[in-house]
Amino acid sequence: MPEPLMTYLVIPLVKIVVILLVLILGAAYLTFFERKILAYIQIRLGPNRVGPKGWLQAIADALKLFVKEDLTPARSEKFVFLLAPVLIIVPALLVFAVIPFGPSDIWRLTDINVALLFVLGVSSVGIYGIILGGWSSNNKYSLMGGLRSAAQLISYEVPMGFAVVTVVVMAGSLSLVRIVEVQRELGVWFFLPGIVALFVYFVCGVAETNRNPFDLPEAESELVGGFHTEYSGMKWAFFFLGEYANMIVISAMATVLFFGGWLPPFPNLLEPLWTSSALAWVPPPFWFLLKVAAFIFLYMWFRGTFPRYRFDQLMRLGWKVLLPVSLANLMVVALGVLMLGERS
Amino acid sequence: MESAHLKAFADAEEMEISFGPQHPSTHGVLRLMVKVDGERILDVKPIIGYLHRGTEKLFERETYNGCIPHTDRMDYTAAVTNNQGLVGAVEKLMGITIPPRAAYLRMILAELQRLASHLVWLATHALDIGAQTPYFYCFEERDKILDLFEEYCGARLTTNCMRVGGMPFELTAGWTDRCRAFIDQFPAKVADWERILTKNRIWRERTVGVGVISAADAIEWGLTGPPLRGSGVRWDIRKVFPYDRYDEVEFDIPIGTNGDTYDRYLVRMEEMRQSVRIIRQCLERLPEGPVMAKVPKVIKPPKGEVYFSVEAPKGELGYYLVSEGGDTPYRLHVRPACFINLQALPEMVRGQLVADLVAVIGTLDIVLGEIDR
Amino acid sequence: MAEEEKGAAQASAPPGAPAGDAAAPPKAPWEDKPATPVPHDASAHPAVAELEAAVPGAVAEAVEMAGQVTVVVPLERLLAVCQALKGQLGYGFLVDLTVVDWPGREAGRFDVVYWLHRHRDESRLRVKVRVAEGQEVPSVTPVWKVANWMEREAFDMFGLYFGGHPNLERILTWEGFSGHPLRKDFPLEGIDTGAAIYPDVFPPGGGPVAGGGEE
């Protein structure tokens with residue numbers, strides 16, 4: 001096989017397949033973990049019947065959704081109705097093209113120098129899925145869900161952008177790989193100087209993924225599922241997978257931007273331990289996934305703890321609290337970087 | 001655009017939403033026609049009757065003790081207090097005095113029922129506002145109460161646990177110990193739930209100032225129970241017209257100040273503590289003796305009419321009994337607390353947001369079985 | 001005054017019978033025959049006198065039973081009486097409103113029963129009007145807002161027309177239901193719900209027409 005074919009087609013394809021498989025399976029299994037974690041928070045057992053200790057529950061759910069009748073409301077916009085779930089899931093998966101799971105090329109699909117812009121841009125496309133899904137269902141609840149979602153995503157994109165820019169200022173690069181490398185070189189992860197940015201980023205991230213306490217667009221008790229009320233079967237599963245994939249995206253980005261990506265924890269204190277022969281074999285993606293899992297656990301913890309915000313309160317929080325805070329934080333951090341003058 | 005209806009949809013400024021009867025937050029089969037402008041509610045029109053079973057008509061056929069199971073099915077989260085109201089009405093019309101042990105047993109069961117009913121309220125109310133977890137905590141405790149009911153009368157939900165003239169059964173051995181064990185651990189649980197909710201910022205933002213009704217309006221709209229007390233009116237049938245032996249136990253009536261959803265929440269939480277207090281006193285004083293008064297085999301109240309009400313968990317539950325001297329009621333009308341409390345709903349939500357609607361439905365603590373009868 | 005105290009206390013236990021003295025030689029009330037309450041005239045009851053003073057000629061009849069006072073009011077004075085009761089006498093809380101059906105009674109087929117509460121001294125008063133079939137009852141919704149749904153229920157269940165009601169619709173049965181279920185002549189087993197579809201077979205005001213639903 002000629003060399004270029006190998007480098008540019010076969011290896012990336014294999015990587016793509018692996019990433020997609022892991023991601024989709026991971027998203028499916030997140031539902032299982034979420035149910036288990038919520039169950040432990042809520043003093044009950046959670047799924048424990050399908051397979052050993054319930055481990056096949058996610059597979060059973062997927063099978064159920066596959067064979068379920070796929071309903072399309074009679075008076076819906078058929079094409080848009082079909083398009084919406086695709087619009088949700090594709091951008092969510094696309095983002096993983098630039099996420100670095102490890103230091104070397106083998107651990108990532110690609111590294112582009114505007115990776116951060118790519119992530120922000122592509123993940124914003126997902127919102128169209130929700131709006132169009134809500135609108136095309138021809139259901140008033142769905143429409144309200146879609147509208148809520150539109151307002152919510154637009155409002156929270158702004159402070160999130162400022163939070164991300166804070167990291168860019170500190171790292172001096174838009175490349176995700178470079179951002180992690182800078183954290184390694186400095187020996188300080190960005191969550192320390194950027195604790196406020198981290199907070200803003202993660203709150204916005206929870207809001208962008210429509211999760212508790214910001215799950216207004218679907219709000220079972222108000223809008224009966226909101227934008228996906230009319231969806232069933234695999235189309236609904238796409239919305240669901242999209243939501244969980246987005247959770248992984250937000251968590252992965254938080255890891256890369258603030259928690260040193262694939263770097264092992266406590267680089268300064270435990271440096272000898274990580275380089276010792278006992279633990280040196282641990283592949284970097286392990287640390288990466290560990291941190292991602294921690295963030296995802298936070299998501300689930302929120303869900304077990306918080307009531308839901310109301311629409312106007314959500315807007316107020318976004319525009320009146322998070323936006324000024326992230327803006328002020330950006331100025332402070334930029335000033336700090338300028339004073340220290342280490343990088344430009 | 002191929003479909004004109006979608007265009008009309010997009011152009012309309014006001015939208016009418018049919019909220020229910022299969023909506024998860026209407027606590028049954030309530031239907032609300034909600035007129036909204038965006039998220040703001042312009043008007044609400046409740047449509048009820050989906051669960052109408054003609055209970056009052058059925059009463060006219062049943063013997064007096066035969067009516068009791070029908071009352072179970074009105075407010076099915078508080079069957080004991082429903083029983084209590086009915087037997088109280090018949091006893092009042094016949095002039096029966098029940099033995100003190102029966103009276104104390106009724107109070108214990110009724111207060112346990114109040115706890116169980118408030119637990120269902122807290123569970124669903126919190127769930128409506130988006131907090132899932134209290135639901136499971138509350139239902140765990142409620143199950144313990146239902147276990148006590150089951151042990152006493154064999155039923156968990158539709159208890160049918162009182163008879164005209166007293167109580168049908170003696171307590172099983174060790175029941176009082178199990179009941180005491182339950183109420184001993186209960187206040188700590190209430191404190192736990194309060195930790196999840198009372199100071200929670202989101203909970204407060206969602207409930208403070210939502211569904212406000214002033215004390216004067218509350219009386220005008222006939223609100224009773226926690227919705228009335230939440231508006232700051234210290235009024236409770238157990239104090240005003242004490243039945244059974246409520247005049248012999250000490251308890252406080254908590255009231256709110258602002259008449260909003262948060263105050264009603266606090267009132268009910270405090271009521272749970274007060275119920276525990278009542279049960280504890282009742283268990284301490286529970287006298288020995290018969291549980292059934294000497295009543296004729298066939299209950300035949302004299303010709304006449306009487307109204308008797310109890311403080312059900314939802315409010316004043318009254319029975320208006322008209323007898324012609326036969327062994328079935330000539331007319332037995334129920335004054336359902338939920339029915340009348342629900343009537344104030346449009347008043348309380350007008351001008352607020354759709355999300356507040358579910359909060360206010362939750363705070364009114366309605367049960368459609370009692371509304372529709 | 002003892003009368004009044006009795007009226008205020010709704011407890012089924014008579015005063016002076018606390019728990020514990022069950023063993024006393026005179027039989028405890030729960031071992032004895034029930035002390036059946038007897039209705040008696042209550043024209044002299046302070047609540048009735050008060051009402052008579054506020055609206056002269058309003059009280060056609062006053063009965064007290066089991067400590068509860070019932071005042072029968074002529075239909076044409078009902079609204080005036082209710083306004084006085086709420087305004088001057090302070091009965092701010094309409095607890096209950098219902099109807100009792102007495103088919104074949106000369107004084108009018110229906111009793112409309114209002115059960116009022118006064119927060120000032122926590123006393124209650126029952127006001128009754130007698131209404132003949134087809135007669136219009138003035139709505140008390142202008143006096144007590146809470147009467148709205150209660151009157152709708154009474155209309156639904158008994159077919160009484162409340163004049164001046166803002167929205168007199170059926171409430172528990174559905175729009176188009178024929179008949180009024182709580183009337184004594186409405187069959188207990190119900191009517192065919194086809195009434196909604198065949199209103200000519202099930203005319204308003206009662207059960208199915210004999211032989212009407214057979215074809």
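Let us begin with one pair of residues in chain C: Val112(C) stands opposite Val129(C), the latter lying in β6(C). Please keep in mind that this is a predicted model.

The pair belongs to a larger set of links. Strand β5 of chain C covers residues 110-118, and nine bridges join this strand to β6(C), with the two running antiparallel. Together, β5(C) and β6(C) form a hairpin, with four residues between them. In that turn, Glu122(C) has a positive phi of about 50 degrees.

Now consider the other partner of β6(C). Strand β3 of chain C, residues 68-73, is joined to β6(C) by four bridges, and here the strands run parallel. What is the bridge partner of Val71(C) in β6(C)? The partner is Val127(C).

Is strand β6 of chain C mostly covered or mostly uncovered? The strand, residues 123-131, is mostly covered, with eight of its nine residues buried.

I turn next to chain B and its open sheet. Three strands make up this sheet, in the order β4-β5-β6, and their pairing is antiparallel. Which strands form the edges? They are β4 and β6 of chain B, each of which pairs on one side only. On average, neighbouring strands of the sheet are turned by 15 degrees against each other, direction ignored.

Looking at one pairing in detail, we find five bridges between β5(B) and β6(B), which are antiparallel. Within it, Tyr319(B) has Val334(B), in β6(B), as its bridge partner.

The contact between chains B and C takes 50 residues from chain B and 44 residues from chain C. On the chain B side, the elements that give two or more residues include the strands β4 (304-312), β5 (315-323) and β6 (331-335). The helices α2 (55-59), α4 (79-94), α9 (215-220) and α13 (337-343) of chain B also give two or more residues to that side. By class, the side of chain B that touches chain C has 24 nonpolar, twelve polar and 14 charged residues.

Chain B also touches chain A. How many residues does each chain give to this contact? Chain B gives 29 residues and chain A gives 24. Among the elements of chain B that each supply at least two residues to this side are α1 (4-11), β1 (15-19), α5 (100-128) and α6 (133-153). The residues on this side of chain B divide into 16 nonpolar, eight polar and five charged.

Finally, let us look within chain A. The domain assignment gives domain 1, residues 1-67, and domain 2, residues 74-340. The centres of these two domains of chain A, taken over C-alpha atoms, are separated by 19 Å. Their contact takes 18 residues from domain 1 and 17 residues from domain 2. On the domain 1 side, the elements that give two or more residues are α1 (3-41) and α2 (57-67) of chain A. Which element gives the most to that side? The answer is α1(A), with 15 residues. By class, the side of domain 1 that touches domain 2 has 13 nonpolar, three polar and two charged residues.

Note on methods
Residues numbered from 1 in each chain as written. Chains lettered and ligands numbered in written order. Predicted model: local features only at pLDDT ≥ 70, side-chain atom pairs only at ≥ 80, totals over all residues. Domains from an automatic or database assignment. Contact = placed C-beta atoms within 7 Å. Nonpolar A, V, L, I, M, F, W, Y, C, P; charged D, E, K, R; others polar. Pairing = 2+ DSSP bridges. Axes fitted to C-alpha atoms, helices over the stretch in contact; angles between N-to-C directions. Buried ≥ 20, exposed ≤ 12 C-beta atoms within 10 Å, placed from the backbone.
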